[in-house]
Amino acid sequence: MKANLPLIGIRVIDFGQQIAGPAVAMILADLGATVIHIDPPTGPQWQSPANAVLNRNKTTVTIDLKSDQGLVQALTLIDHADIVLESFRPGVLKRLGIDFAQLRQARPELITISMPGYASNDQLRSQWKATEAIVAANSGAFTDMGFNRVLMGVDPSFSPLSLCSAYATTLAASSVVMALFAREKLGVGDHIEVPIVAALMEGLSYNSIVIEDLPKRYLTMREHEISHRKENNLPMDVSYDDLQEYLDPFYRTYKCKDGRFFYVVCPSHRNHAKRCLQVTGLYDELLAEGLPEVNNLHLPVDEWDDETSIGVYPLPKKWADIISAKMKQVFLTKTSEEWGVIFGEGQIPGAPHRTTQEWVNSDHCAQAGLIVEVDDPEYGMMKQPGPMVWLEESAEQMLQPRARVTVDFEAALAELSEVKATPPPTGAVAAKDNRQAWLAGVKILDLTNVIAGPHSAAFLSRFGAEVIKLDPVTPLYDPLIGTVYSFQANIGKKSALVDINTEQGRDIFHQLIRSVDLVLINAPERQIVPLGLDEASLQAVNPGVLFCRLDCLGGPTRGPKTDYIGYDDIIQANSGIMSRFGGPQTPEEHAHLGTLDVNCGFVGGLGMALSLYHKMRTGRHSRACTSLSAATNLAQIKFAYDYQGRAPFDEASGREALGNHDLSHFYATKDGNLFIDASEQELIKLERVPGLAGISEAKDKKAFLTEVLSGESADHWAQALREQDIAAVRSVGIAELRERYTRPADGKVGIDLGSYAFSSYRDHPSGHAVTIIDHYSIRPSRAQIIAQTPTERLGRSTTEIVAGLGYTNEQIATMLNDKVIGTGWGKEYLPS
């Protein structure tokens, strides 16, 4: 029974292959849409048990688009659809006879979406064979893997996570739901392109940002050591064990009594670091030894009342060494699981390192609905990732997905014909040239912090949503998270500082709630009632207001860890990502800051869009939810499943891994690294590449390729391989991409610039020149995408917002004096 799911009545034709396209349609199907997935006669392009996950809740039909009959069948199915999705190289589907422009000319209400590897307007790369690993290798994802890998001299690195597809999936699914929302208003659909490469670049936004003249207080011990070694021409050869001594004590792995490992993530927050020291029994001991305490971390360093403080990141080496040494000894007194409970129940961010297999089979994932069971026709009872996003009132309906089924054309057509579709409003022809942004007029109150939550609202601002960012007058986070991270996470928002724990502040808070369409927060469920954001309290303030919540370990239902707090790194450790990336005995943070955070933000955007659409269509308000745990399941969707007889969980792992197998691997060439992504089935094509004759007979293909490829340049081999339609690229770093594709900020989002586009803000409000990736991955043909203004100083709009609520200048002055409201966290936008 799925009568209450928000996408009931929406019909989707899914031509997607590989991961991203089918995953978008999977999310739509999970949310109630009727999805017909089309495979060619040869079957899926990618043969994997993960297809059982990607095609659940779908009906699959085999159609030969290269035949006249098959084309007629496909067009007949499309005639009954609201959404058509494809993920081929640009132009492929059109050459087969399915022209999205013509289809939408005949039916303006149709929504079509293309997900090519590279942008269709990228003259150099649009026709390259763009696999997951190829896009990552060509976009800096395998070279810019963090300070650890730099110090260890590991370049290139490799990760089997399907990050490209994960980011593209959430961005594309969000765009589809926003297009549905706009269609309800205007009666017209849209064509949308989401290049997977652009989605990856937006997902890795924290890896590519450059803040010139960043004050030294924000540089870690690792960065200082990297600079020291470069200046003195010393090798980058730090061992894994030695590397640990360059890590902040509140941001590192500790060995426990059971020989397993625990990851502590308490930097930048006074309360978290203090609680950590208290539960480990070290707080009073450190105070006795003179542990400093700075009252206002948002002052310039030269105005601090002491040398450092807990809650500041990074700690100076002196205190980092003292605290780390003590914590190493304490963690040996209990097992990793015991520490997990102590930290979780104590509201301290930290988690035991576990493998993906343990994560998929954990009690918490089962009880919380983060992992569900599906009786698949091929694999039997199968554990699969649960929903990526849900509405609270219909969440439990999503916990028993229907297994994929395969039917003939007539049955597929009958299924579509039986759907009670709700047609969009009339007037489509008149509205088709309307360039209005999808979310024009939508107002959001953003109560979030750090990365995931703020990115949700920032994401929606490019589509026309107006966002007020509300923060406390007195910050709990230091300027690294509170300010530096905000350069991307708070772009385009109006910022206000209000103490909602005061009577006047609470009144302002309630007036703001009454002024918006949706309230957004990232917090565990236990915090919602005290904040007055539970269903009853919120509706009493503003009947019909929508609500969206993100958290760390939450799922559609409650589990033992539902109320535990945490960040991206917590789930990386607990879900197996760190154990895979670094190796089980040497777990290591997956180096992309925001690996899960940014994508959780995009899923939060999807949840908000879903609530808006649901209300527009039904008149009913809803509460949308997602979590970092749901985001990690998407990032690991290639292997986050289990069933009786499953092959070992032995995907590529550790620092020595340079690919999936010998034909999908990094190789050194004369002038750099080349990534080839081929298969055994393509050996005949490899034989045709000049210089590679004989590879099919070679017993050791890795040795063969290592020797041959070293003789020419990476670009030479990449071109030669691509001429035979073998996926291959030279490894490229983000610095090179930034240098080639950065322009002065021009008030545009770079959609017309191909696969890569950066903007440089020389007059950024912070006083520093800042370069960031454009918001360019979602490319509608009709709706407007709005280039957002740079992040304003925290509190800059406080008085304007409060005055807009009707307060007089005298009242505002009194509230400023009483610290009910504020206009900044320190003397400087970015404290020095």
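Leaving aside its neighbours within four places in sequence, which residues is Ile-786 in contact with? Keep that in mind as you open the model, which is a predicted one.

**Stop 1: Ile-786**

Select Ile-786. You will find it in the loop between strand S29 (779-780) and helix H34 (798-804). Now show what surrounds it. Beyond the neighbours within four places in sequence, Ile-786 is in contact with Ala-437, Arg-462, Gly-464 and Val-749. Pick out Arg-462 from that group. Ile-786 and Arg-462 are 324 residues apart along the chain, but their C-alpha atoms are separated by 4.7 Å. Is Ile-786 buried or partly exposed? Its relative accessibility is 28%, so it counts as partly exposed.

**Stop 2: Asn-51**

Go to helix H2 (residues 50-54) and select Asn-51, which lies in it. Asn-51 has a relative accessible area of 7%, so it is buried, since buried means under 20%. Follow its side chain. It reaches the backbone oxygen of Trp-46 at 2.6 Å. Leaving aside neighbours within four places in sequence, the contacts of Asn-51 are Gln-18, Pro-44, Trp-46 and Arg-404.

**Stop 3: H8 and H9**

Select helix H8 (residues 163-186) together with helix H9 (residues 196-203). Their axes are 8 Å apart, and the helices pack at an angle of about 95°. H8 and H9 are therefore roughly perpendicular to each other. Show the side chains at the contact. H8 contributes Leu-163, Cys-164, Tyr-167, Ala-168 and Leu-171, while H9 contributes Ile-196, Ala-199, Leu-200 and Gly-203. How many residues of this contact are nonpolar, polar and charged? Eight are nonpolar, one is polar and none is charged.

**Stop 4: H11**

Next comes helix H11 (residues 221-231). Colour its buried residues: Met-221, Arg-222, Glu-223, Glu-225, Ile-226 and Arg-229. Their cover includes helix H7 (147-152), helix H12 (240-243) and H15. After H11, look for Asn-233, whose phi is positive, near 55°.

**Stop 5: Thr-308**

Select Thr-308, in the loop between helix H14 (283-288) and H15. With 2% relative accessibility, Thr-308 counts as buried. Display its contacts, leaving aside neighbours within four places in sequence. They are Pro-292, Glu-293, Val-294, Leu-315, Pro-316 and Trp-319.

**Stop 6: H16**

Move to helix H16 (residues 336-345). Its buried residues are Ser-336, Trp-339, Gly-340, Phe-343 and Gly-344. Why do they lie on the same side of H16? They cover an arc of only 125° around the axis, which puts them there. An α-helix has 3.6 residues a turn, so residues three or four places apart point the same way. Gln-347 follows H16, and its phi is positive, near 55°.

**Stop 7: H31**

Finish at helix H31 (residues 701-709). Lys-701, Phe-704, Leu-705 and Leu-709 are buried here. They cover an arc of only 105° around the axis, which puts them on the same side of H31. What do the buried residues of H31 pack against? Show strand S23 (664-668), strand S24 (673-677), helix H30 (683-687) and helix H32 (714-722). Last, zoom in on the start of H31. There, a side-chain oxygen of Asp-700 reaches to within 3.2 Å of the backbone nitrogen of Lys-702.

Notes: Residues are numbered from 1 along each chain as its sequence is written. This is a predicted model: local features need pLDDT of at least 70, side-chain atom pairs count only at pLDDT 80 or more; totals for chains, interfaces and linings use all residues. Side-chain values use heavy atoms; hydrogens and water are left out. Buried means under 20% relative accessible area, exposed over 50%, partly exposed in between (1.4 Å probe, protein chains only). Helices (H or I, at least four residues) and strands (E, at least two) are DSSP runs, numbered from the N terminus. The arc is that of the directions from the helix axis to the C-beta atoms. Contact means heavy atoms within 4.5 Å. A polar contact is a pair of N or O atoms within 3.5 Å; within protein, one must be able to donate a hydrogen and the other to accept it, and residues adjacent in sequence count only if both atoms are side-chain atoms. Axes are lines fitted to C-alpha atoms, for helices over the stretch in contact, and angles run from 0 to 180 degrees between N-to-C directions. Angles under 35 degrees count as roughly parallel, over 145 as roughly antiparallel, 65 to 115 as roughly perpendicular and the rest as oblique. Ala, Val, Leu, Ile, Met, Phe, Trp, Tyr, Cys and Pro count as nonpolar, Asp, Glu, Lys and Arg as charged, and the others, Gly among them, as polar.
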